[in-house]
Amino acid sequence: MNTLELHSIYKAYGSQRALENISLSVPTGSRTVIVGPSGSGKTTLLRMIAGFEFPDSGRLTLNGQTLVDSTHEVPAHQRLIGYVPQDGALFPHMTVAANIGFGLSTKGLEKQQRIAELMDSVALDSNMAERWPHELSGGQQQRVALARALAQQPRLMLLDEPFSALDTGLRAAMRKLVARLLADAGVTTILVTHDQSEALSFADQLAVMRQGRLVQSGHPLDLYRYPDDEQTALFLGEAVVMPARIEAGWAHCDLGRIPVNNHRNNSSAQIMLRPEQLQVCSPITGEAHSQGCRGVVTDRDFGGNTCTLTVELESLVNEDQPGRSLLVRSSGMHAPPAGSAVHVSTIGHAHVLSEP
Ligand SMILES: Nc1ncnc2c1ncn2[C@@H]1O[C@H](COP(=O)(O)OP(=O)(O)O)[C@@H](O)[C@H]1O
Ligand SMILES: [Mg+2]
């Protein structure tokens, strides 16, 4: 059974449309990530699920129970939904222990024990219990906010950009800790982020938002490989996009002939490949390669174990025109220097994008 169901949710602030026709299923125990640029409606959607905003129209259900529709509104405190807002929002005049214990109904020793357990579960040292929020680092504040939300034993946990204030190393470590913690507790989670690598690594369901609309959702690997359009393709990583003529399951383009995964016959379309689907090797002189085309390395960006090469393809159409430039990944140690003549070939299928 699906834990959370959103049906055709609309929300406007005056003439500003914040959410437009959002429908989404969040399965029990899943980690759903909502990703999208700033202003795309992510926070509005989370606040609506939590019960701090109400839709102009649409319906929200949790485990079959209606949370909101045209006649019903279950208030936030009755929803059993944990919410960690974008800034953590700890009570500044309360210690760590008081923040975490805020909503606990137990008292005395039992309450202290529960607070200690919650602190332990988010890897906070017990000697921090009497500290004030301003005496904590960003990562520690986020963990207190998470422990406070977990104290309610929520059916669903909503996290709004919880790692955005942390630096890269700590961010990855926190992400792993939180993912494990929520999985162990069996809590269905919705995480909001505008960071594509965070989205891809955390999610088992990914939903992409743009301008108040949910443009695509599915498994992260499917969205990475089969994005509907160029904007989604580029939002989820680097992409090589070029025009092609599609014929009988093949794309004919500047890279030669590449098989496609979703073919439409005899049409022109934009195709997409990820840079890791391209490889370079030295051209075999006097011999034709079975696939791919020739090019010249115009730039080499050394990045340790991998290099990003810019390769200008030999123009197949007009020799006087400069060819198309592409990004290609190569192993750092064996990457050819700028000026090298190379042969570029492709791995796997090209993906045909839908018309804009
Ligand atoms: N309380 C509000 N009043 C007016 N406009 C709002 C309010 N909250 C959000 N918006 C607008 O709704 C849109 C979506 O905002 P938000 O949900 O915060 O986006 P995100 O979290 O993806 O950055 C934005 O254009 C924002 O300016
Ligand atoms: Mg936001």
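How many aromatic pairs does the count come to? The count comes to 2 aromatic pairs. This is a predicted model.

**Aromatic pair**

- The ring centres of Phe 52 and Tyr 83 lie 5.5 Å apart.
- Their planes stand at 45°, so this pair is tilted; an angle over 60 degrees would have counted as edge-to-face, and one under 30 degrees as stacked.
- Phe 52 sits in the loop between H1 and strand E4 (57-62).
- Tyr 83 belongs to strand E6 (residues 81-84).
- The pair therefore ties together parts that are 31 residues apart in sequence.

- Thr 43 uses its side chain, with an N or O atom 2.8 Å from an oxygen atom of the ligand.
- Thr 44 also has a side-chain N or O atom facing a ligand oxygen atom in this list, at a distance of 2.5 Å.
- On its own, ligand 1 has 570 Å² of accessible area, and the protein covers 61% of that.

**Ligand 1: the shell**

- Two elements give two or more residues each to the shell: strand E2 (16-27) and helix H1 (42-50).
- H1 makes the largest contribution, with 3 residues.
- The residues around the ligand include Tyr 13, Gln 16, Ala 18 and Pro 37.
- Ser 38, Gly 39, Ser 40, Gly 41, Lys 42, Thr 43 and Thr 44 are also among them.
- By class, the shell has 7 polar, 3 nonpolar and 1 charged residues.

**Largest cavity**

- The model has 1 cavity of 30 Å³ or more.
- The largest cavity holds about 50 Å³ of space.
- Its lining consists of Val 84, Gln 142, Leu 146, Leu 159, Pro 162, Phe 163, Met 174 and Val 178.
- Helix H4 (138-150) and helix H5 (168-185) are the elements that give two or more residues to this lining.
- The lining divides into 7 nonpolar residues, 1 polar residue and no charged residues.

Notes:
Residues are numbered from 1 along each chain as its sequence is written. Chains are lettered from A and ligands numbered from 1 in the order in which they are written. This is a predicted model: local features need pLDDT of at least 70, side-chain atom pairs count only at pLDDT 80 or more; totals for chains, interfaces and linings use all residues. Side-chain values use heavy atoms; hydrogens and water are left out. A residue is near a molecule or strand if one of its heavy atoms lies within 4 Å of it. A polar contact is a pair of N or O atoms within 3.5 Å; within protein, one must be able to donate a hydrogen and the other to accept it, and residues adjacent in sequence count only if both atoms are side-chain atoms. Accessible areas come from the Shrake-Rupley method with a 1.4 Å probe; for residues, only the protein chains shown count as cover. Helices (H or I, at least four residues) and strands (E, at least two) are DSSP runs, numbered from the N terminus. Ala, Val, Leu, Ile, Met, Phe, Trp, Tyr, Cys and Pro count as nonpolar, Asp, Glu, Lys and Arg as charged, and the others, Gly among them, as polar. On a 1 Å grid over the protein atoms alone, a cavity is a set of points where a 1.4 Å probe fits but cannot get out, and a pocket is an open set with protein on both sides within 12 Å along at least five of seven lines; lining residues have an atom within 4 Å of a point. Grid points are joined across faces, edges and corners, and a volume is the space filled by probe spheres set on the points. Rings of Phe, Tyr and Trp (its six-membered ring) pair if their centres lie within 6.5 Å; planes under 30 degrees apart count as stacked, over 60 as edge-to-face and the rest as tilted.
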